[in-house]
Amino acid sequence: MRSPDVTGISRPPRWGLAAKLFTTLVLLGAAAILVTGVLGYFRARDAIEKAVFDQLTAARQNKTRQVETYFRTIAAELRLLAASKMVVDATREFRIAVDQLDRAGVQPELRQKVQDWYAANFIPQMTSILGRQPELSDYLPVGGAPYYLQYHYIVENPNPAERRKLLDDAGDGSEYTRLHATYHPLMRAAASMVGFFDFMIAEPKSGRLIYTVQKELDFTTSLQFGPYRRSNVASAVARCAEPAGQSAICLEDFAPYAPTGGAPIAFMGAPVIDKGVVIGVLVAQLSNEEIDNVVTGGRRWRQEGFGDTGEAYLIGPDYLVRSGPRTFYENREAYFAELKSVGASDEEIAAIQRYGTPVMHQRIDTEASRAALAGVENTGEIIGYRGVPTLASWGPLEIPGVRWALVAKIDSAEAFAPIARLRQELLIVGGLALLAVAMTAAWLSRALLGPLRELTAGVKRFAAGDYGASVPVRTRDEVGQLCSAFNGMVETLHEKNVVIENKNRENEELLLNVLPAPIANRLRGGEAGIADGFAEVTVAFADLVGFTALSSEMPPHEVVTFLNGLFTRFDVAANELGIEKIKTLGDAYMAVCGLPEPVANHSERMVRMAIRMVHITREHAMENNVSMKLRVGVNTGPVVAGIIGKSKYIYDLWGDTVNLASRMESGGVPDAVQVTRPVYEKLKDHFVFEPRGAIEVKGKGKVEAWLLRL
């Protein structure tokens, strides 16, 4: 019996049988799914983590073997070459020839030519690399032979710098040149065959580089007294110059090397022994490119199984990288942004940008790099050098002469992505299971009011903004007809809403084609009579010279096609430079920079736009096989800008600045850009201008003008 309330109206029990059954089934299903899902999730996570660590360790060990094999191979090749008769004879004879040149001295005018060449070619290069201008005297060679040989093999070398090694005979008639013509082709071929960037022979007592293949600025200089006495090649020569057996190999770690433009270079030396005496040191110059290719797999990370964020990199004892990180090669902008986000110093970032490589400039001091350099081989989840959690495998390399470590890693987010997918799938499966239970319970408690409940839910969804809401039609009675009517109403409203949205989008696009975006926003906001004054903008007028005569000879559709193609290219250039196109009048083009949003360098942008327009016109005329030139006028000053018209909007400019820009164009020179004094004063340090003097301007009298040198 239902107990009546005080008003005499009977109420249903708070928990009916259908509600209890529904709740029981849902709770049982949820408990079973939760236990199964949690156990499966953690076991799968452990399995995937182990698989990732195993894969990273295998990749690290493989790359470690490749790097170690690379150094063992080049050491064996260098040892064989140092013991060859060709190198022994060349070392003995080059030493004698260089000593002869030293005793002969050097002519003052030849010395001056070498110094002038250094000042004109080498010092500017080092200035751009170092960020400051070094002293010329710090890099000049010492002794007579270096000046003589650098003059003939570098200063007077007819080949460009990267091909100086192709010169066999300098033609000076010296004994050194005779020997060079004999040995150099053989040494050059040997260096190319074994893959060395450069071969050098050093005299052990003075440390002088009596021969090099590449003929860089270290050629014939002394490594004991010259500008490279503190370089790593000097250390390699000094170590190998000591009495040693033929198996001695001296490897010096990477360091910036001035003759190669500051690029990181490692050196490997082997003593040249004749009758038990060290008469020289054969030095191989090793670029980090070969090692970088091995470690990065030729920058084929995905093909090697590293996915989107995985990589391997080398670290030296100074915690500076010996191979480039992946992001440096794939996304340079993101790479520098990450460096800043993890607190890299401005000096470190500037050095990487200046030298064009992170090798020997980027510092990676993580738990993995510290442990690996300490000789520990392990795996673990750490915070990587990019400041994000990473799964890593690390360990040391066994290369005599250097202490390096290799780290293979992948972001934890990517490594555990399958786990995230598994979690999502478990949730979906659990949800489906719960849905099945709920559907069973709902079927048991289903009543005649079910269709009305569905209709009520559909109305609520529609009221909440779901214009795709619909309800099933389960019966043909009045309730079913009501559901059908509701579905028809929703569908009709949805179609009308789509039409309205499409029309609004079309109107928006048309408005933005006519007006700048900020002005269009103000107009849509209800602002009327839009007019603004701007203290300083730069206005340009451009006009096609000879187009009127040309268009009279062309069919109308060709005239329109020609102009549309040209002005479309103008529009693209304007969009790239932040220039606002105002309008076109026939074959004239008007644009402004500095409004509606002010910019600091509006004059520079507009002049660059003018230069592009001239070049674009030339290209367009050549492509269409017509004779056509562009005349451009540019002026800077205040203007008034606003919207005029009611039925057809136009955003236009007024003022003396606009008039004078137009006069600069009409009184200008074809295929040139003519500017006023305000423009010239702003940009005279950035562009080359030719004064044109005072020209007659309508309504202004004499006005000074300048032509931009293109």
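Buried means under 20% relative accessible area, exposed over 50%, and partly exposed in between, with a 1.4 Å probe and protein chains only. This is a predicted model, where local features need pLDDT of at least 70, side-chain atom pairs count only at pLDDT 80 or more, and totals for chains, interfaces and linings use all residues. Residues are numbered from 1 along each chain as its sequence is written, and side-chain values use heavy atoms, without hydrogens and water.

Q: Is Leu435 buried, partly exposed or exposed?
A: Leu435 sits in helix α13, residues 417–444. Helices are DSSP runs of H or I with at least four residues, strands are runs of E with at least two, and both are numbered from the N terminus. The relative accessibility of Leu435 is 45%, so this residue counts as partly exposed.

Q: What accessible area do Ile428, Leu432, Leu435 and Met439 have together?
A: A patch takes residues with over 30% relative accessible area and no salt bridge; nonpolar side chains (Val, Leu, Ile, Met, Phe, Trp, Tyr) are joined within 5 Å, like charges within 9 Å. A salt bridge puts a side-chain nitrogen of Lys or Arg within 4 Å of a carboxyl oxygen of Asp or Glu. Areas come from the Shrake-Rupley method with a 1.4 Å probe, and for residues only the protein chains shown count as cover. These four residues form a nonpolar surface patch of about 410 Å².

Q: Which cysteine does a disulfide join to Cys240?
A: A disulfide here is a pair of cysteine sulfur atoms within 2.5 Å. By this rule there is 1 disulfide. The S to S distance is 2.1 Å, and the partner of Cys240 is Cys250.

Q: Where in the chain do Cys240 and Cys250 lie, and how many residues apart?
A: Both cysteines are buried. Cys240 belongs to helix α6 (residues 232–240) and Cys250 to strand β3 (residues 250–257); they are 10 residues apart.

Q: In what order do the 4 strands of the open sheet stand?
A: Two strands pair if DSSP finds at least two bridges between them. The edge strands are β6 (311–315) and β7 (378–383), each pairing on one side only. 5 bridges join β6 to the antiparallel strand β9 (residues 405–411). The order is β6-β9-β8-β7.

Q: Is Lys215 buried or exposed?
A: Lys215 is found in the loop between β2 (209–212) and α6. Its phi is positive, about 60°, although Lys215 is not a glycine. With a relative accessible area of 1%, Lys215 is buried.
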